[in-house]
Amino acid sequence: MSSDDDLRRAFGEDAARAADPDEVWVGVQQGVRRRRQRRERVGAALVLTAVAGLAISLGAYLGAPQEAGPPAERTTATASPSPTSSTPSTAPTPSTPSTPPTPPPLTDAAVPVSPADARQAFDDAGYTEDDARRLADLWRWGDPAHVAVVAGADLLAGEQLPLAPGEAAPAGGEGGRDGLYEELAAFGEAGYTQADATALAEEWDEDEQTAKVLVGHLLLQGRLRPNG
Amino acid sequence: MTSPPPAARVVHPGTALPEEPESFEVFAHRVLPDLLRYGTALAGDRHVGADVVQDVMVRAHERWGRIRRADRPDLYLKRMVTNEHLSWRRRWHTRSVVPTDDVVLHARAAPAPDAADQLADRDDLRRRLAELPRRQRAVLVLRFYEGLDDAEIAQVLGVAPGTVRSSASRALAALRREATTEEER
């Protein structure tokens, strides 16, 4: 039997074994320095990406035939290439870049669900780490932590998962997937880059792959649009 | 942990004392010892406690502009430590770490005979506490170590006070059940 005093004493004894604050403070300072350096690297990568994007856009603009019409018309045609357009001069020119337009930078504020939100939803629904492993087997993806994030995003969107908490995977492989490659592809196809993933992962304090997988999944769900 | 006495400053009559925001370094030195003790009680392990607190302090440094505007930045940090300890990410991160049971360590250390029973009881309680789900242990730490009431615990954990009560009740029942099982052996 444990009295309240026993519990107070036990926790007090644990607390008395705490590490030396000065030693931990050294670790904090090192961590702050590492983060600062990482942020500077990310910043430099973002600047490079922006410059490269600008150069591509400028190259495309300068390479476009001058007889394609006034700039306002050309912009309209590029933004929404309508096959029903009756004005030949507003048709998209062959020099239109095939790469997707550079979307605005990914930030926590721009993404409706964070990995922490998604994991919390997974947790709150009664799913455990074992469930995440079973789901990872069903979805053929090596990292159950990524699977938990994607599954949590599904739950937040009101979707059902192929297995209930504590339940074995369906025998017929129903609800199975072939990895989370669609998510990774969606991330790239939206125009996001490694620098975007790094910046968002930094903001979320997660790994880059988690950021890519979740953003890709939200893009596939239609809950995130790269250009608003 | 008591706050350091404010530095003496000359204030001229009719002049409002300018608000000097506390720097992160001063704040960190003030709260770190208390936060480490709390983190260690929460984790039941010196190294895990230090690791959690260090991670939180690094993140707090980045968000210091926002945190220092909170009513109680120290409580804000305590909440961050609690959430970090309970977070899914950290559970995944530390799931492979299996600390050596204190009972095993004491068996190796061969305690003095007259203190053996007392030590065994304490180790037994510590082992039972270590087997509680993290959230239940957190409720007990906040109640018995921090001395918070259910409403305050609910705020720290971001749950309803009813959830705090049921968690505490389940945790205490599990401890009693375990103790009974041990006595029957």
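Modeller: Here it is; keep in mind that this is a predicted model. We can start with helix H8 (residues 194-204) of chain A and helix H9 (residues 208-221) of chain A, which pack at an angle of about 105° with their axes 8 Å apart.

Colleague: So how does H8(A) lie relative to H9(A), roughly parallel or roughly perpendicular?

Modeller: Roughly perpendicular, because angles of 65 to 115 degrees count as that.

Colleague: Which residues of H8(A) and H9(A) make the contact?

Modeller: From H8(A), they are A:Gln194, A:Ala197, A:Thr198, A:Leu200, A:Ala201 and A:Trp204. H9(A) brings A:Glu208, A:Ala211, A:Lys212, A:Leu214 and A:Val215. Seven of the residues in this contact are nonpolar, two are polar and two are charged.

Colleague: Switching topic. Which residues have the most contacts inside the largest nonpolar core?

Modeller: B:Met57, B:Leu129 and B:Leu140, in a core of 53 residues. Helix H1 (residues 24-43) of chain B gives the most to this core, with 10 residues.

Colleague: What is in the second, separate core?

Modeller: That one has 20 residues, including A:Leu200 and A:Val215. Both of those also belong to the contact of H8(A) with H9(A).

Colleague: Back to B:Leu140. What is B:Leu140 in contact with, leaving aside neighbours within four places in sequence?

Modeller: Among them are A:Phe11, B:Leu129, B:Tyr145 and B:Leu172.

Colleague: And how much do chain A and chain B bury between them?

Modeller: About 3,700 Å², with 64% of it on carbon and sulfur atoms. The contact takes 42 residues from chain A and 41 residues from chain B.

Colleague: Which residues in chain A lose the most area to chain B?

Modeller: A:Phe11, A:Trp25 and A:Glu129, together 18% of what that side buries.

Note on methods:
Residues numbered from 1 in each chain as written. Chains lettered and ligands numbered in written order. Predicted model: local features only at pLDDT ≥ 70, side-chain atom pairs only at ≥ 80, totals over all residues. Heavy atoms only, no water. Core = buried A, V, L, I, M, F, W, Y, C linked by side-chain atoms within 4.5 Å. Buried < 20%, exposed > 50% of the residue type's maximum accessible area, 1.4 Å probe, protein only. Helix = DSSP H or I, 4+ residues; strand = E, 2+ residues; numbered from the N terminus. Contact = heavy atoms within 4.5 Å. Axes fitted to C-alpha atoms, helices over the stretch in contact; angles between N-to-C directions. Parallel < 35°, antiparallel > 145°, perpendicular 65-115°, else oblique. Nonpolar A, V, L, I, M, F, W, Y, C, P; charged D, E, K, R; others polar. Buried area = accessible area lost by both parts, 1.4 Å probe.
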